[in-house]
Amino acid sequence: MHTHAQQTSVPPLVRDRVDNFHGQQLLYVGWDHHTMICAPIALLVSPELHFGELIDSLLPASAFALHSEWPQIDWAHVEWLHADRPFTPERDATLKAQGIGHKAYLRLRTPALRGIAGTGA
Amino acid sequence: MNTQDTRRPAGKKLSLKEKYAQMTRGLGWDTSYEPMDQVFDQLGLEGIKIHDWDKWEDPFRLTMDAYWKYQAEKERKLYAVLDAFQQNNGHLNISDARYVNTLKLFFTGITPAEYNAHRLFAMLGRQFPGPGAAIACQMQAVDELRHVQTQIHSISQYNKYFNGLHDHTVMNDRLWYLSVPKSFFEDAISSGPFEQIIAISFALEYLLTNLVFMPFMSGAAYNGDMATVTFGFSSQSDEARHMTLGLECIKFVLEQDPGNAAIIQRYLDKWFWRGYKVLGLVSMMLDYMLPKKVMSWKEAWDIYFVQNGGSLFNDLSRYGLSMPKYWEQSVAEAEHLSHQTWNAFYNFSGAAAFHVWLPSDEDMAWLAEKYPNTFDQHYRPRIEHYRKLQAEGKRYYNPSLPMLCQTCQTPLIFTEMDDPTRTSHRQLEHDGDTYHFCSDGCRDIFAEQPDKYVSAWLPAHQILQGNCVEPGTEAAGDPGADALRYFHVVAGQDNLDYEGSPDEANWRRWKGLDKTTPAAAA
């Protein structure tokens, strides 16, 4: 008889594999130096989503839009990071086409905007 | 009827030491139908070597008969106090109804953990061939079960009058922030027997118990909660015994074989960090939730971890053990931990089973005094902004789901050491997937055993997979509302701000604080 501890050959259950998201994928987005939004957000998106739609439709429906500095963002000068490395997105390309896969983490930086009372909040 | 007395003359009474030997060692035997290493089949898996189980000494030499006697006495005292509490409407003597929110967090987060600790020690006792260690585990399993029971009985008094206490077992299984303590215990219970000992008996019971016990029990005393003080006292003697056993146990393992120290150090590093991450909830209680404060999180961490823990590791250095990895980071973060944790609950109070509220001017003066390097600079302006929004009727609720740490399951709410306004984030690739972490400590724990943590049940991801719908009901199409029903959180009753809650309305009515407030249903 084998005990559970002896069964080392059982493959692990990967609970968040992309197949479990019904054709969609996870995308995380953080806004640096705006800690009023307490953590980066988790979105469910299509790999065919255009980057422009993320900015025009998805983020305006998220916590980001409730920050008083949201309307002041100058989108032409936003700095993006993908997996914590500088990244230049293409508005008209899909996430898939620019290598933003399942569980990718994007950060936006808006150096001109310094958060609540200039504290980075 | 034979009237002759056939009883043997009474022998000499056994000494405590003899009795302990008879009722522990004397109960052990070597199996003959199955080889011992098959019966105790998990013992060799971790690489820990035990050469002589008889070297295990229970410092209390506690035997079952004495155990029952002591525990029964404690129970009698506890239930006498609980009866008095009930008959005298003890719930009206607390400092403020806000205080009850700490009990909600305790009851949904810690009480189910005590039950898991009961299961863990019952299984652990089964894995040890040394009867001394097995019996100590058995008693601790019964202790933990007693703690669950006394907590349920004590807090049921509050459940009659306050919201959010009605379904602690389902909430513990499902509610997003409770996955943090839940995953800690499930991680422990699915570990090897020696790792379990380090996780619970040492890291939790010895190193971190004061930090859990002190805010809850001293907080209860400061805030007039006699029911909790009483179950706290009743548990405290058990906890003191567990702490001593935890220390004896680690010394026993270290003395058995010089090769054990490296494995134990690895477990200590892991479980220190796992425990520290659970304590984020406790830091928020101390600094933001107790109407009458006991001490700050920073002060508590300094006394109970830096000073007490420091001298403990000084003692253990002769076995080759050193302070757990990243302990310095926990000290530097003590200036930030509670403020960042509280902010997460202010963001997500729509999805919590307890109420939040903004600190008063007096609270903020206390926070500024306790955190002179960080509060006014980083956290007061954010709170004042929230206050302004609330005054304008624009209370900020975060409508999004947060990104979670794969290991500790906390949202990524903590910041980098060199920049308290930038999210601390680590990631790594494993087997074709990306995994995200809140810290180096959590990333390292994953990297050590990736197959364990890839299966983590992360609430935000489960909601997005469509798995958080109350069984037997149809999804309403609004994932937020579906998730609340799945959590068994009653919207508008258990969640949101204290101001405007049924709890507040009831409290004001009972205490005669506002005669014009219409009576609300309990």
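Between chain B and chain A the count of salt bridges is 0, a salt bridge being a side-chain nitrogen of Lys or Arg within 4 Å of a carboxyl oxygen of Asp or Glu. This is a predicted model, in which local features need pLDDT of at least 70 and side-chain atom pairs count only at pLDDT 80 or more, whereas totals for chains, interfaces and linings use all residues. Residues are numbered from 1 along each chain as its sequence is written, chains are lettered from A and ligands numbered from 1 in the order in which they are written, and side-chain values use heavy atoms, with hydrogens and water left out.

**Interface of chain B and chain A**

- Although the salt-bridge count between chain B and chain A is 0, 20 residue pairs, both at pLDDT 80 or more, are in polar contact there (a pair of N or O atoms within 3.5 Å; within protein, one must be able to donate a hydrogen and the other to accept it, and residues adjacent in sequence count only if both atoms are side-chain atoms).
- On the side of chain B that touches chain A, the classes are 21 nonpolar, 18 polar and 6 charged residues, where Ala, Val, Leu, Ile, Met, Phe, Trp, Tyr, Cys and Pro count as nonpolar, Asp, Glu, Lys and Arg as charged, and the others, Gly among them, as polar.
- Contact, meaning heavy atoms within 4.5 Å, takes in 45 residues from chain B and 42 residues from chain A.
- About 3700 Å² is buried between chain B and chain A, 57% of it on carbon and sulfur atoms (the accessible area, with a 1.4 Å probe, that two parts lose on being put together, summed over both).
- Of the area that chain B buries against chain A, B:Met403, B:Leu464 and B:Gln465 supply 17%, more than any other three residues.

**Cavities**

- The model has 7 cavities of 30 Å³ or more, a cavity being a set of points, on a 1 Å grid over the protein atoms alone, where a 1.4 Å probe fits but cannot get out, with lining residues having an atom within 4 Å of a point.
- The largest cavity holds about 460 Å³ of space, a volume being the space filled by probe spheres set on grid points that are joined across faces, edges and corners.
- Among the 30 residues lining the largest cavity, B:Ile110, B:Glu114, B:Phe185, B:Leu204 and B:Val212 lie nearest its centre, and H9(B) gives the most to this lining, with 9 residues (helices are DSSP runs of H or I with at least four residues, strands are runs of E with at least two, and both are numbered from the N terminus).
- The lining of the largest cavity comprises 21 nonpolar, 5 polar and 4 charged residues.
- The second largest cavity has a volume of about 210 Å³, and of its 24 lining residues the closest to the centre are A:Thr35, A:Ile37, A:Cys38, B:Arg382 and B:Thr415.
- By class, 11 nonpolar, 12 polar and 1 charged residues line the second largest cavity.

**Second largest pocket**

- The volume of the second largest pocket is about 660 Å³, a pocket being an open set with protein on both sides within 12 Å along at least five of seven lines.
- B:Asn398, B:Pro399, B:Ser400, B:Leu401 and B:Gly480 are the closest to its centre of the 31 residues that line the second largest pocket.
- H20(B) gives the most to the lining of the second largest pocket, with 5 residues, and this lining divides into 22 nonpolar, 9 polar and no charged residues.

**Salt bridges**

- Over all chains the count comes to 41 salt bridges.
- One of them joins the side chains of A:Arg91 and A:Asp56, at 2.6 Å from N to O.
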